Amino acid sequence: MTRAPTNLLAVRSLLLNHLNVDPDTVRPDDLEPAEVGIVGDPSHRGGYHCGSDRVVVKDYSVVESSRDSSGLTLDAAALDVGTFQVPSGGRVHNLYTFSSWCVAECVAGAPDTGGLREIIYSPDGAVVRRWDRLGKRSTGDSSHLFHTHFSFFRDSIKANRDQTPLFRRYLTTIGLLEDDTSAAAENQIANLYSAVFYGGPSMGRSVDPDGAGSQSASNSVVAKLDYLMLRVDALGVALTNLANRDFTDERAIVAGVLAGLTPEKIAAALPPTIAKDVADEMARRLVA
């Protein structure tokens, strides 16, 4: 029978631990255990909430991507998150801001979103939208006004890849988790990746390293070339700055010249009138 995989159970526990203000008290604003689901109910047939025992003929959660067909097991590959409202960092965060943040990270190509196939959500509780990595669909049914659906590629579930980093970053971003070293590193990597590969300045174009977007020709190679050119650009700037620097150490030069001058050489180099003035000044100082 369809089962809940350990990597999605970890995401579920993470969200419940931090979006439920008081687990011992039922509050309308808390995210309750019943609102975070992985396996569909017994009547559920087809889709990412189902494992291999419940998929249907030409099931979109299997046939539209080789990542799904090759990763099909008894494990479900979806997570539903219900409504919540939690204050943090001087703001109030809820299902809609959470969903919009996750979608924005997917659109930006953050590396910790690589396991996600789609997000069906509402940005405001009024309309339903869908982000689909494969670009197949753009909306969903009205139940998603009150919960957000995350589909994961089945191969990432089969491989038991950790799916918590994205959600941990969200909790860190809004201030519900401390920004420890690992979370900070994940955030920096995500930001660097987005800056370099999605709209970065190198060669004046955006790239698509996954090859799923508009640039179809060997995108992973193009991405690496763009990154290389970015580094070359930076090296060029550094060399220009180096060339424009003045490495002359005037004090060292003066000290070197003076070290090679004897009193006789100094006296010989002085014009007669200046030599007399110098001799007079020295005599005056000796008397004083």
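Here is a short tour of this structure, starting with the whole chain and moving on to its sheet, helices and core. The model is predicted. Its chain has 11 helices and 7 strands, and 37% of the 288 residues count as buried. Among contacts between residues at least 6 apart in sequence, 60% join residues at least 24 apart.

**The sheet**

- Look for an open sheet of 5 strands, which run in the order β1-β2-β7-β5-β6 with antiparallel pairing.
- At the edges stand β1 (36-37) and β6 (129-132); each has a single partner strand, so one side of each is left without a neighbour in the sheet.
- Strand β5, residues 116-121, pairs with strand β7, residues 147-152, in the antiparallel sense over 4 bridges.
- Within this pairing, I119 stands opposite F150 in β7.

**Helices on the sheet**

- Helix α1, made of residues 6-19, packs on the sheet and touches β1, β2 (78-82) and β7. The direction of α1 makes about 15° with that of β2.
- Helix α4, made of residues 95-108, also packs on the sheet, where it touches β2, β5, β6 and β7. The direction of α4 makes about 150° with that of β5.

**How α1 meets α6**

- The axes of α1 and α6 come within 9 Å and cross at roughly 10°. Angles under 35 degrees count as roughly parallel, and the two helices are therefore roughly parallel to each other.
- On the α1 side, the residues in contact are A10, V11, L14, L15, H18 and L19; on the α6 side they are T164, F167, R168 and L171.
- Sorted by class, this contact of α1 with α6 has 7 nonpolar, 2 polar and 1 charged residues.

**The nonpolar core**

- In soluble globular proteins, nonpolar side chains tend to be buried together.
- Here the largest nonpolar core has 37 residues, and L79, F98, I119, F150 and F167 touch the most other members.
- Two or more residues of this core come from each of α1, β2, α4, β5, β7 and α6 (164-173).
- Helix α4 gives the largest share of the core, 7 residues.

**A closer look at I119**

- Which residues does I119 touch, not counting those up to four places away in sequence? They are C102, V103, C106, R129, R130, W131, T148, H149 and F150.
- I119 is also one of the core residues that touch the most other members, and F150, which stands opposite I119, is another of them.

Notes. Residues are numbered from 1 along each chain as its sequence is written. This is a predicted model: local features need pLDDT of at least 70, side-chain atom pairs count only at pLDDT 80 or more; totals for chains, interfaces and linings use all residues. Side-chain values use heavy atoms; hydrogens and water are left out. Two strands pair if DSSP finds at least two bridges between them. Contact means heavy atoms within 4.5 Å. Axes are lines fitted to C-alpha atoms, for helices over the stretch in contact, and angles run from 0 to 180 degrees between N-to-C directions. A nonpolar core is a set of buried Ala, Val, Leu, Ile, Met, Phe, Trp, Tyr and Cys residues joined through side-chain atoms within 4.5 Å. Buried means under 20% relative accessible area, exposed over 50%, partly exposed in between (1.4 Å probe, protein chains only). Angles under 35 degrees count as roughly parallel, over 145 as roughly antiparallel, 65 to 115 as roughly perpendicular and the rest as oblique. Ala, Val, Leu, Ile, Met, Phe, Trp, Tyr, Cys and Pro count as nonpolar, Asp, Glu, Lys and Arg as charged, and the others, Gly among them, as polar.
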